[in-house]
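Colleague: I have a model to go through with you. Please show it, then take my questions.

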Amino acid sequence: MPQMGVSVAEGTITAWRKRPGDWVERDEVIVEISTDKVETEVPSPAAGRVAELLVEEGATVDVGTLLATIDTGSKPGQPHADESDPPPPSRVRTETNGNGTATKPAAPNGKAPPVSPVVRRIAEEHEVDLSAVSGTGRRGRVTKKDLLAFVEQAGDGRAKAERPLHTESPYKEEAVPRAPAPALDSGEGEGEGEQLSVMRRQIGEHMVRSLQTAAHCTTIVEADMTAIEAARGRLSYLPLVARATIAALREHPRLNATLEGDRLLVHDEVHLGIAVSLGEEGLIVPVVHNAHELSHEGLGARIKDLAMRARAKQLSPDEVRGATFTITNPGRYGALLATPIINQPQVAILDLEAVVKRPVVVSDGQGGDSIAIRPMTYFCMSWDHRALDGVGAAEFLGTVKRHVEGWSD
Amino acid sequence: MPEITYLEAISDGLREEMRHDSSVFCMGEDIGEFGGAFKVTDGFFEEFGANRVWDTPLAENAIVGAAVGAAVEGLRPVCEMQFADFIACGFDQLVNVAAKMYYRQGLAVPMVVRLPSGGGFSGGPFHSQNPEAWFLQSPGLKVVAPSTAQDAKGLLASAIRDPNPVLYLEHKNLYRRVKGDVAEGRYQTPMGELRLAREGTDLTVVSYGAMVHTALEATEDIDGASVEVLDLRTLCPLDRDGILESVRKTSKVVVLHEATRSCGVGAEVASLIAEEAFEDLDGPVVRVTAPDVPIPFSPPLERAVLPQVDDVKEACRELLAY
Amino acid sequence: MATTTARPAALDPHQHLAREAWLTVDDRRELMRYMLLMRATEERALTLYRQGKVPGSYYDGRGQEAVSVGSAFALSPRDRACILHRDLGAHLLRGVRPGRVLAQMMGRAGGLTGGRDGNMHFGDKDLGCVGMVSMLPDMAPVACGLALAFQMRGEPRVAMTWFGDGSTANGQWHEAMNVAGVRKLPVVFVLENNQYAYSTPNSREFVVDPIERAGAYGFHGVKVDGNDVEAVFQASAEACERARQGGGPTLIEAETMRMHGHGAHDDMSYVPPEMLEEWSRRDPIENYEALLGDAGEVDLDSLREEVTAELDSETDWALAQKMPDPSTATGGVFATADPVMGDGKAPWSRWAKEVSNA
């Protein structure tokens, strides 16, 4: 299991692309894995025939765990078991340490001669029964030379069987298609339903945990987006609102914080998480690190790049870690209000909903009011009542609104 | 290409480097007008002068320490210890000052210490040692040990150009016994790469220095077996890949060195193989070395201690038959 | 090769009149400033040590400030120095910031060795300094090597190194002294005789006054009052001049007293209290302050304030430095390029004059 990021400790096998017996080229994708919601294709480190898959799909193992073995000594053209056949279980395995029916004369001290590591490995690869090989080594040991000569002469154990004994039958177990994972119990007669994908499960776990951990409240502030509209050009609203939010976070640092247990850590730098939808598959929150150093154009460029790579499954786990504040922006779908769930362990999340033209009351400087048509939106921020109070939340949002409405380049 | 001795090749390499770069200079006892105890610097005093061929007082720590100071100031000193054994008298400067300077201070120390090593001529306990393993335990030092005339010249040049302290083990017993076709002019033999002295398929002998020749002689014909002989040439950094590649091919290994047994280069190579090539082994890794004993003086005693051709033959035969 | 062992001329109170030619008012101010800076840095480091911020041991040179400051003041930018653990003044004179020294002590990544070596085992190669090792006096042969390079290239440059009274018992000291004498190397050996090698008093270390050995190895030796910064400077400047002009090495024995223990862990109970009492009256900083105060040339108060302010900001910087990344521990064992040593600062006004006259 490769380590896909500095602090990644485990990964999940999403799908094997090769089966035992398949040939794989060096750098050809051999398996798909998921680490911390990031899906990655893993290229094979070597060319060869896949010998054994050691971890099944859906299993989660520690980084460094051996996932599969590849026989690099084989050649592409060699005959191999059919892709859908599991290795025939009736083959007799290597005999060692005097167990089983050794046909060689026992060594003078009664112990059978040892099998050296290389002999054992080669015998396994070629599925040779060592008891059938005569040894010229010390104490009648089968040497590497002996085994290689045997394999060359007698052929690969898998290609040419020994003469079957009376008790062995040519019957081969039929390949059984992999059964799907058991369906959730959704009641009688409702059909099997679908198992949630790894990503869905992970998102779900995070959301449930967040709701169970934080004391969620949502505060909503309305803002006039006229200035933003004038300034944004071809950019979407998001980078400009992000810039305004960052400015507000500098003024209200306690919202740029993470809460773990009782410890509130207020951060100097703003690492801004931006929620990116992956369509039906789910969502992911890549992070713009050191966002406070970027202009709105810079933010726009970074967000675009991260979103593109997120959808192409090219993010590294370090790019989804370390956010101090999150913005989610499903606004283009037309919804007006939302109560987002906080991205743990941050203390707040800002949801940017649709910008809609509405008639609003505007005041001129001299106390007169009139009706104007303005592009308006709601900033919906969910926040953790363990870390701050309604006043703090409202003040922060007020500052965001102020920056947005007073936007100037 | 002229055929010259191992000794002449060392001289030649040193001379070429000194001609090429005036910052290269020699320091050691009796290396000036006397030309050195083994005549490696014969003629150097006349060609390069007293400034660049310094007859030092009998003070190994001062020699090595001064070499450090000169090296960090941009010169390239080549120190000669009259016998490798005497490095013990300069050990402190080598191991505590030279070796650690770059790691601690980021200050490179481009210096070479030439060590005439090895026995076989009744030199006794203080003139016959092969002390290379001491330096493998001192991170920051590189160690080379050529066995051929060609490599003697090329490795010395590499050592001189390397920005690190390099110990150059020249085996005294090879000085005049080994000859080779050595190219004229300057050339460098890369450090960290072993040389395939003979290709084979049944068994590998890993060796360096004088023992490479013993290995070749001993395994020329062992009942028709095809024996591969590796000449490590560089002991630190070790050519791990080269060693492992050979092990994968032959699956049987004898490690041979003249130095004493415990914690020697052989121990390091054997461990490396056990750790990294376990599944390629068709037999235990065997070491043929001098036993853990000071090298004795009287010929029959010395012969009993230093690995001989027959010792190597026997070990190989046994492993081949395993 | 005639040598003279000068008697302690520096004890002559009128001596400083002859020094007018060497030192300007600004030079004097600088001498004072560096002594103050050394003491302030070491006091701050000791505080940090007692606050548990300094791993391992802590060594300082309290009471010996005049030795390193006075001697290093004579160096020109292109000279080289192998500086020992009681000679922080020399590092500071060459241009090392106190903050980097403190970070070094605390094992931070921003320290002078990136945490790879501790306490005073550092030397900023960019300022022409080679860092010491624990074995003493291993830097003496190295200084000979530096001097050898200068001599071979015919350069008027000097290598200076320091060592203590205990070192003179060691074989390497004798090898270095001998080699320096045989080759007439442009090296200046500063022997800080601070009366003790850890707990061993001089009487148990040798039976010949070390300064006598200079003559025994064939070169000039001079003994000075190590607590008189101008006397130390005078002897060092003369020694450097001698070296530059091919006159060979000099051994300067600077008599002083180690006012703290061997390290912060040492309560120095083996030192007779009367001895400490006597030497405390000869504190190099206080005495120089009195001298400068009498002459009225230097504003000592503003100098002290300056130094304190500098230490405050340097300490803040040092405390803000991060600890080194463990994954870097095994790298950087072998160099991939030849060494490049830089030149150090040299505040002595002589050098500025020489540059402007060039």
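Modeller: One term to begin: a salt bridge is a side-chain nitrogen of Lys or Arg within 4 Å of a carboxyl oxygen of Asp or Glu. This is a predicted model: local features need pLDDT of at least 70, side-chain atom pairs count only at pLDDT 80 or more, and totals for chains, interfaces and linings use all residues. Side-chain values use heavy atoms, without hydrogens and water.

Colleague: Which side chain of chain C meets B:E73 in a salt bridge?
Modeller: Chain C and chain B have a count of five salt bridges. In the one at B:E73, N to O is 2.7 Å. The partner is C:R80.

Colleague: What area is buried between chain C and chain B?
Modeller: Contact means heavy atoms within 4.5 Å. By that rule, 40 residues of chain C touch 42 of chain B. Buried area is the accessible area (1.4 Å probe) that two parts lose on being put together, summed over both. Carbon and sulfur atoms give 62% of a total of about 3,500 Å².

Colleague: Which three residues supply more of the area that chain C buries against chain B than any other three?
Modeller: Their share is 18% of what chain C buries there. They are C:M152, C:F334 and C:P339.

Colleague: Are α1(B) and α6(B) roughly parallel or roughly antiparallel?
Modeller: Helices here are DSSP runs (H or I, at least four residues), numbered from the N terminus. The axes of α1 (residues 6-20) and α6 (residues 149-161) of chain B come within 8 Å and cross at roughly 30°. Angles under 35 degrees count as roughly parallel, over 145 as roughly antiparallel. So α1(B) and α6(B) are roughly parallel.

Note on methods: Residues numbered from 1 in each chain as written. Chains lettered and ligands numbered in written order. Axes fitted to C-alpha atoms, helices over the stretch in contact; angles between N-to-C directions. Helix = DSSP H or I, 4+ residues; strand = E, 2+ residues; numbered from the N terminus. Parallel < 35°, antiparallel > 145°, perpendicular 65-115°, else oblique.
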